[in-house]
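Trainee: Could you walk me through this one? I'd like to ask some questions as we look.

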Amino acid sequence: MSGPVRSLDLAELRAFCAAVDLGSLGRASRLLRVSQPALSKRMRTIEAVVGTRLVERSPRGISPTPAGTKLYVEARKLLAQAEAVDDLVRGLSGEEAPVRLAASHTIAEFVLPGPLVDFERQRDRHLSVELMVANSVVVRELVRDGRADFGIAAVDRVAQGVAPLTETPFCEDEVIVAVPTEHAWARSDAVEVDEFIATPMVVRDPSANTRRVVEEALAERGLWLTPPLAEVGSTSAAKATALSEVAPVLLSRMAVGPADPGLVVRRVRDIPFPRRFVMVAGAEETLPAGARALAAALAAGVSAPITTG
């Protein structure tokens, strides 16, 4: 068989590698921001240029053939070199593409400000960060659909069902009861279970991870919360409502600190509500250089568990 009539260009190699990395033309098309039919056509063109089948297609997705594996290994090397050249050019011109970071409300408000400032100070040149704030399910959807380079989301069964993303541990947290100092619970060292489940409280909306963590822990014990006093869409609104109504509120431990003198932290006796956050992304090789650098810096800067004392 004669050799290919032309060489593959970088866009074709990037599309091929993205499809292999993600194991799905659908997910790769979202990452590359092209339609799936367009990506399918591009894959057929690549195979025609090479002169052999490069991927096997099945209802579960795609996987590389032996020839595809060989091409993938060499293509990855070439793309890494091309990216290094792009980084150099951007550095010479002083420009760098913004990083699109999606984060849960808790992380965006109470964890990211310091590490983002530190990251900016340590860099030779400015890197713009577009921060998208949403609940953990939506964070995963933004990453899955290619609208965010990577995200930081809480771990739970509902969120993990969104997409098969790569997860890297980020930090630990717990859901606590924030109690106004005028409330009777503020005078106890812990909240009794029967009082906890029978008292109307301020809670986040049903899609929020803080609420699901509590409901799932109670369900395991055959318990459930009484209907809430109020459902709100953000942490700041939850705290404001709790203070105005002198009512307990379910919050992240990270959300209550010295800036909240009207609230004290209380836990439910014998029922902990732990949770953890992870960084979510597609295949690491598909991340732009700036996003990889930011993700590594955030992981290093928030490597210790969030204190819950």
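Predicted model: local features only at pLDDT ≥ 70, side-chain atom pairs only at ≥ 80, totals over all residues.

Mentor: Residues are numbered from 1 along each chain as its sequence is written, and side-chain values use heavy atoms, with hydrogens and water left out.

Trainee: How many helices and strands does the protein chain have?

Mentor: Helices (H or I, at least four residues) and strands (E, at least two) are DSSP runs, numbered from the N terminus. Counted that way, the protein chain has 12 helices and 11 strands.

Trainee: What share of the residues of the protein chain counts as buried?

Mentor: Buried means under 20% relative accessible area, exposed over 50%, and partly exposed in between, with a 1.4 Å probe and protein chains only. Of the 309 residues in the protein chain, the buried share is 46%.

Trainee: Are H1 and H3 roughly parallel or roughly perpendicular to each other?

Mentor: Helix H1 (residues 10-22) packs with helix H3 (residues 36-50) at an angle of about 110°, their axes 10 Å apart. Axes here are lines fitted to C-alpha atoms, for helices over the stretch in contact, and angles run from 0 to 180 degrees between N-to-C directions. Under 35 degrees counts as roughly parallel, over 145 as roughly antiparallel, 65 to 115 as roughly perpendicular and the rest as oblique. H1 and H3 are therefore roughly perpendicular.

Trainee: Which residues in H3 do the H1 residues meet?

Mentor: Contact means heavy atoms within 4.5 Å. On the H1 side you have Ala11, Glu12, Ala15, Phe16 and Ala19, and they meet Leu39, Arg42, Met43, Thr45 and Ile46 in H3.

Trainee: Is Glu47 buried or exposed?

Mentor: Look for Glu47 in helix H3. Leaving aside neighbours within four places in sequence, Glu47 is in contact with Thr52, Arg53, Leu54, Val55 and Arg57. With a relative accessible area of 13%, Glu47 is buried.

Trainee: Why are the buried residues on the same side of H11?

Mentor: In helix H11 (residues 235-245), the buried ones are Thr235, Ala238, Lys239, Thr241 and Ala242. The arc is that of the directions from the helix axis to the C-beta atoms. These residues sit on the same side of H11 because they cover an arc of only 165°.

Trainee: Is Asp270 buried or exposed?

Mentor: Asp270 is in the loop between E10 and E11. Asp270 also has a positive phi, about 70°, without being a glycine. At a relative accessible area of 70%, Asp270 is exposed.

Trainee: How far apart in space are Pro274 and Arg253?

Mentor: Pro274 lies in strand E11 (residues 274-281) and is exposed, at 56% relative accessible area. Pro274 and Arg253 are 21 residues apart in sequence, but C-alpha to C-alpha the distance is 9.8 Å.
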